[in-house]
Amino acid sequence: MLKVEEQTPVVFSSELLAKFDEIKSRYPEGKQKSALLPLLHLVQAEYLWVSTSAMDQVAEYLNIQSIEVYEVATFYTMYFLKPQGKYALEVCRTGPCCLVGAEKILSHLEEKLGVKEGEVTPDGLFSFRGVECLAACGFGPVLQISPEYTFYENLTTESVDKLIEDLTNKS
Amino acid sequence: MSRKLLLEHINVPGINTLEVYRQKGGYRAVEKALKTLTPEEIVEEVKKSGLRGRGGAGFPTGMKWSFLAKPEGVARYLVCNADESEPGTFKDRYLMTYIPHALIEGMIVSSFALGAKVSYIYVRGEMMPQIRILERAIAEAKAAGWLGKNILGTGYDLELYVQPGGGAYICGEETALLESLEGKRGNPRIKPPFPAIAGLYGCPTVVNNVESIAAVVPIINDGGDEYAKIGIGRSTGTKLISASGNLVKPGVYEIELGLPVEEFIYSDEYCGGIANGKRLKATVAGGSSVPVLPANLTLKLANGEPRLMSYESLSEGGFATGTMLGSGGFIAFDEDQCIVRNTWNFSRFYHHESCGQCSPCREGTGWMEKILHKIEHGHGTMDDVDLLWDVQRKIEGNTICPLGDAAAWPVASAIRHFRDEFEWHIKEPVKSQQQNYGIADYAKPIEKAPVTEEK
């Protein structure tokens, strides 16, 4: 079962569709399905998650079946199939980062934000989750924040507190 | 100081721009290749260099190139594998962040050698900042005439695009990467046919790691023979090593292959020793997929000779006493780290990343994670260690792609070298939750084998 939370149908802006067109032009004639992963990233950057309605429209745009989009969106871990916080924090929890304290950062986030992994704070600002290796092992612990995927290295509980404060003040 | 070919100018301000990169001699290899060499001559230079794939498998790059089928009227593709996801490995991120033009220059030369008119750099989706850096660099290169139509007036056309992944370790496997690039789930393909015959869109394709492609630049500039003079034996050239874990100075280092492991860990030129004055307990020398070794076998071969950072020396002794260079992801564990916990962590990683296509991997990785979780949390029995051994053995070699092996090897090696620690977790369920097993005799120096008379 595809557990996607439904919402009112989305309408892609002409700016977004122009970006779609540019990406589609990168592949040979008839191979437009190659644009699927980049297009889903664009959708997610716009809406902060990927809804069924958005996936159906991407399918229509690429002239492929909806199921071809669903199977891709559910395979790759980066696509959010339900709404996230405005800042979705992803903390690396794989071996090398754990050697330098990633688990502490994850439990600290849970305490600081007052929500469990995968949940959104009541103000809608934050959600967090542990993810597998982000390829920055020498600078761990690390986290990234979607949709920009800005990167924060050598984390301490203090630097995480500061980050949360800065982001809260920015909003 | 050892010789630097890839990172020589890493600290030059503005080296990420075309202007500064050019000032430091950048794009000379493109001029030389397109104006004075034939594609066959470039392949020959790469063969002579002895360059081996830097992504992990270590297959000779020139040979891989020479397998590329060249049927008339069919497009050929070069795809750069920048899906760097192997735990412990972050050299490609580093290279793309700081010297993006080194990769682009390598892509142009390599694409010309292979006859590709369109090439893709498949970057893992999480590296959005690096994707933006590469796209900016490609635009710069294109504006300056290094990409696009009729490059340098030679009649050679090349378009280069960056493709983001979606967050899946498996897409680092070349056929899974091609599936993903075609807009599908990253399920590895059955080989043969190999990508050199039927790759992207069914066309002949070469897939190379970022570092391999960047290494083509110095090979063309200085010649394959010069490159082959660096290093030791069949491990030629320089290698980027990603150093992480409990080290004084973790980071990315370019080494000449053949550097003693001990020097790499302890000298101030490299990692500067173990952090906080602790002792080294174990290492994973080539990314999470390669066997873990106790400190003594990291520094010395079983016969007491020093172990070197090279493909051959690291695998000396097979899996009984050796490991692999892999992708060069060097993870160091200090005396306070728990091997059981780390093995469980890696198992969870492989379980999470298994594509689910082959049952031994899909089911086996889950079993290994569960058993290791049980042992780590003080609920294990002695039978569990044997069961774990049995499960890993049944995964290895029984899957379409190497992820199965990659999941099995860390578990097998942990049991092989650290069985006492597993058994201690089982015999001391309460104590093992409060303290670590410690360093035991894992760092006990290996005596040099006595010289025996030749008979």
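In chain A, the centres of domain 1 and domain 2, taken over C-alpha atoms, are 28 Å apart. Domain 1 covers 14-75 and domain 2 covers 87-170; such bounds come from an automatic or database domain assignment.

Some ground rules. This is a predicted model, where local features need pLDDT of at least 70 and side-chain atom pairs count only at pLDDT 80 or more, while totals for chains, interfaces and linings use all residues. Residues are numbered from 1 along each chain as its sequence is written, chains are lettered from A, and ligands are numbered from 1, in the order in which they are written.

Now, where do the chains touch? 34 residues of chain A are in contact with 45 residues of chain B. Contact means that C-beta atoms, placed from the backbone, lie within 7 Å. On the chain A side, α2 (36-47), α4 (66-75) and α5 (95-99) each give two or more residues. Helices here are DSSP runs of H or I with at least four residues, strands are runs of E with at least two, and both are numbered from the N terminus. That side of chain A has 20 nonpolar, 8 polar and 6 charged residues. Ala, Val, Leu, Ile, Met, Phe, Trp, Tyr, Cys and Pro count as nonpolar, Asp, Glu, Lys and Arg as charged, and the others, Gly among them, as polar.

Next, the cysteines. An unreviewed UniProt entry lists A:Cys92, A:Cys97, A:Cys133 and A:Cys137 under "binding site". They spread over 46 residues of sequence, yet cluster in space, with a largest C-alpha distance of 9.0 Å. A caution: UniProt annotations may be inferred rather than shown by experiment.

Take A:Cys97. It sits in helix α5 of chain A. Is A:Cys97 buried or exposed? Buried, because it has 30 C-beta neighbours inside 10 Å. The cut-offs within 10 Å are 20 or more other C-beta atoms for buried, 12 or fewer for exposed, and partly exposed in between.

A:Cys133 lies in the loop between β2 (126-131) and β3 (143-146) of chain A. Beyond four places in sequence, its contacts include A:Cys92, B:Ser85, B:Pro87 and B:Phe349.

Last, chain B. Five strands form an open, mixed sheet, in the order β9-β8-β14-β11-β12. Strands pair if DSSP finds at least two bridges between them. β9 (251-256) and β12 (292-294) stand at the edges with a single partner strand each, so one side of each lacks a neighbour in the sheet. Inside chain B, β8 (238-245) and β14 (329-334) pair in the parallel sense over 4 bridges. There, B:Ala243 stands opposite B:Phe330.

Methods. Contact = placed C-beta atoms within 7 Å.
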